[in-house]
Amino acid sequence: MATFESAEKFEEVLVGFFKLMGETPAIADKLLASKLIIRFNYSDPDLVVVVDCSGDKIDVRPHDKETKATVEMTMSADIAHRFWFGKVNLTIALTRKEMVAKGPIPKVLKLLPAIKPSYALYPEYLEANGYGEYNILKKK
Amino acid sequence: MGGYAGQLLYIDLTSGSVEKKPLDMQLARDFIGGLGFGTRIYLDMIKDNPEVAALAPENPFVIMTGPVTGLKMDGAARWTVGTRSPQTGFWGDANVGGFFGAHLKFAGYDGIVLTGKAQAPSYIYIDDDTVEIRDADAYWGMDTYATDERMKTDLKGQSKRSGQVLAIGPAGENLIPFASIINNKRHAAGRTGMGAVWGSKNLKAIYVSGSGKVVPAQPDELKALKEELKEVYEESIFIEALKASGTPAHIDVGIISGDVPIKNWLISDWEGMDDIGPGAIDEKINVGHKTCYGCTVACKKEAQVKEGPYKMEKGPSPEYETVVSFGSLCLNNNIESVAKGNEICNRFGMDTITCGATIAFAIECFENGLITEADTDGVKLNWGNAEAIVAMTEKIGRRDGFGAVLAEGSARAAAKIGKNAADFLTTVKGLEAPMHDPRSAHGYALAYGVSPRGACHEASLNFNVEGGAMFIPEIEALSMELEEHSSDKRAELNVACQDYGMFFSSCAVFCNLGSAPLNATQAVAMVNYATGFDYTIDEVVEIGKRVWYLKRGLSNLFGARAGDDRLPKRLMTMMEEGPTEGSMPDMDRMLSEFYALRGFDENGVPKKEVLEQLKLDDLAKLLHGG
């Protein structure tokens, strides 16, 4: 069974987290330096979110299917959720096509150190915003 | 028949005899190539003298290519070496990239079997049919870079085409037990001390030049497969990452799961990591790309440090294993010093994993007061002291002062240092563990434990499959779902990774990196199109199994027993925080399941009937009598 019961709930949780990342200098500064525009295509539930790092600040735009993205990332909502806990083996996910990435992959991979603080941030964010039921670390 | 050159060279350095024997095609069918040939031939040669010492003239040394070696394809440049290891005392082998294997086949040989000991420093000159043992006095004492350059200059015009040099450095000459053999300054037969065996034979180098080519049996089918694989490679992010940053690309991924060891395996996260990660490497030291024969992946990088204490000329950039062993393992965030350590190891001809891990071990001894500056000739072996790390690397290569203690590797150094130094060891069967933490993936623990050559992530395909770089959907055990931080199913996984892995990287000799996108159907098809044989997946797995038992059996013959399959305390200590917090491989369970699956007795020796079923009756007799 999928972790998120609806696209609305997934959007609420994820977009809120992306915005928090955009407001966290340790993460945002490095993302902005990349100038990438990343479109995330999620399934089960379906959701499209663009994270635009090409301007002065991180712009998070749900449902944006129009902007020409430099990178397209496609995965299930569950994989995305586990990823932000640092609980997805990226090599396995990419080899087995549980995650599909299109675009300048070396640039995307170089963002991994930048987003590393987000793995600790995500469970804290869930707890602080009333999404504790989705905190897989707590359940464990 | 295609793929093979069709001959093996037998060279006895004591008598100076050179014999060319046609390749036995039944051997080819039954063992495919590489260490399939190597282990079978080696066992045949030592069966009357199974006590043979690693550095004795009687210890044979095999150099073997595979049927795909030298085909102009991605990941098809590799070849193998094997013999009894002076470092572990057990079976030792290495899988090497570069150009030597391809050129050996161009000269008309699938492999070389070396025996004996030359009376004086010698090198072997091969130019197609011309094979000579020559005086190497002019090269003895030279590092591998100088040997490569000087020999190519000296022999220019003598051979029909420009040749390849495979050489040892001063470490091999001085019998350092983890000495390597180097081709083209960068491609190393790194692990288990193969270079020391050459040194013991007074063999400095082999120069090979060939004017032939490798002709596949079914060129049209092979061409079509190459075309099909183009799309597979284009879609592979693993390959794209290798192309961009080489093997250090793994640092950014591995640090998330706790795979990257830090501070001699004591912690799993460190603020200095980004300073030695792929971004920093690309920005600070990398200046270009290099590749192996015929491979477009080009994962080898070229580095240069233009000024400062770690100045180095343009040359090989450190691989992932070296970045971690000289970097995070020693809490050293100075990437230029890591590049310098890499250069020193390559020049002297030393395995960077063992060398870096031994220095990290020594640092912990120093920090804990087991050794002092009085022992280390004044070198302050503190965590992160880049200057000391580089200085000690050089001292090891020269066997100078305390360097002579560490030149024996960490296990023997611990015995010499005494007290509780053994607590800081990371060795299995005397071989230092590679830079992948088994607490992040429990199957690695079993893989390190039961590997015939000691702690090694490339001794089977376990690292590639459990780590995720390879996915083999045709074989159930290589495509099953695995629970994170669990020891469940790891015995079954390891058996499958050993059997298929022996076919893949030991016999056919595919590259574990450049050929990682191949599934089993594609890999077997490539071997069939190269050779003209009609192997099935089941058949190559059966051959792989036979070769794995040969390697294991050779190590058993040399004394390996169940106690040697255990991991050191350091790797079996639970992390208190970080991605692997609370994760501990269940070695008792995994070993018990593995022994049952493999048909081992309680001593860790394959039972007689198991070996006989695999048509290894001679090995069964040697191990069990009768």
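Gly308(B) takes a positive phi near 95° in the hairpin of S14(B) and S15(B). That hairpin has 6 residues between its strands. The model is predicted. Chain B holds 626 residues, and 19 of its residues are in contact with chain A.

**The hairpin in chain B**
- Strand S14 of chain B spans residues 300-305, and strand S15 of chain B spans residues 312-316.
- The two strands run antiparallel and are joined by 3 bridges.
- Val305(B) stands opposite Met312(B), a residue of S15(B).

**Chain B as a whole**
- Chain B contains 24 helices and 17 strands.
- Its radius of gyration is 22 Å, close to the 25 Å that the globule rule gives for 626 residues, so chain B is as compact as a globular protein of that length.
- Along the principal axes, the C-alpha atoms of chain B fill a box of roughly 60 × 55 × 55 Å.
- Buried residues account for 64% of chain B.
- Of the contacts in chain B with a separation of 6 or more, 72% link residues 24 or more positions apart.

**Where chain A touches chain B**
- The contact involves 15 residues of chain A and 19 residues of chain B.
- On the chain A side, helices H4 (90-95), H5 (105-109) and H6 (112-115) each supply at least two residues.
- H4(A) gives the most to this side, with 5 residues.
- The chain A residues on this side divide into 9 nonpolar, 4 polar and 2 charged.

How values were computed: Residues are numbered from 1 along each chain as its sequence is written. Chains are lettered from A and ligands numbered from 1 in the order in which they are written. This is a predicted model: local features need pLDDT of at least 70, side-chain atom pairs count only at pLDDT 80 or more; totals for chains, interfaces and linings use all residues. Two residues are in contact if their C-beta atoms, placed from the backbone, lie within 7 Å. Helices (H or I, at least four residues) and strands (E, at least two) are DSSP runs, numbered from the N terminus. Ala, Val, Leu, Ile, Met, Phe, Trp, Tyr, Cys and Pro count as nonpolar, Asp, Glu, Lys and Arg as charged, and the others, Gly among them, as polar. The radius of gyration is taken over C-alpha atoms; the globule rule is 2.2 Å times the number of residues to the power 0.38. A residue is buried if 20 or more other C-beta atoms lie within 10 Å of its own, exposed if 12 or fewer, and partly exposed in between; C-beta atoms are placed from the backbone. Two strands pair if DSSP finds at least two bridges between them.
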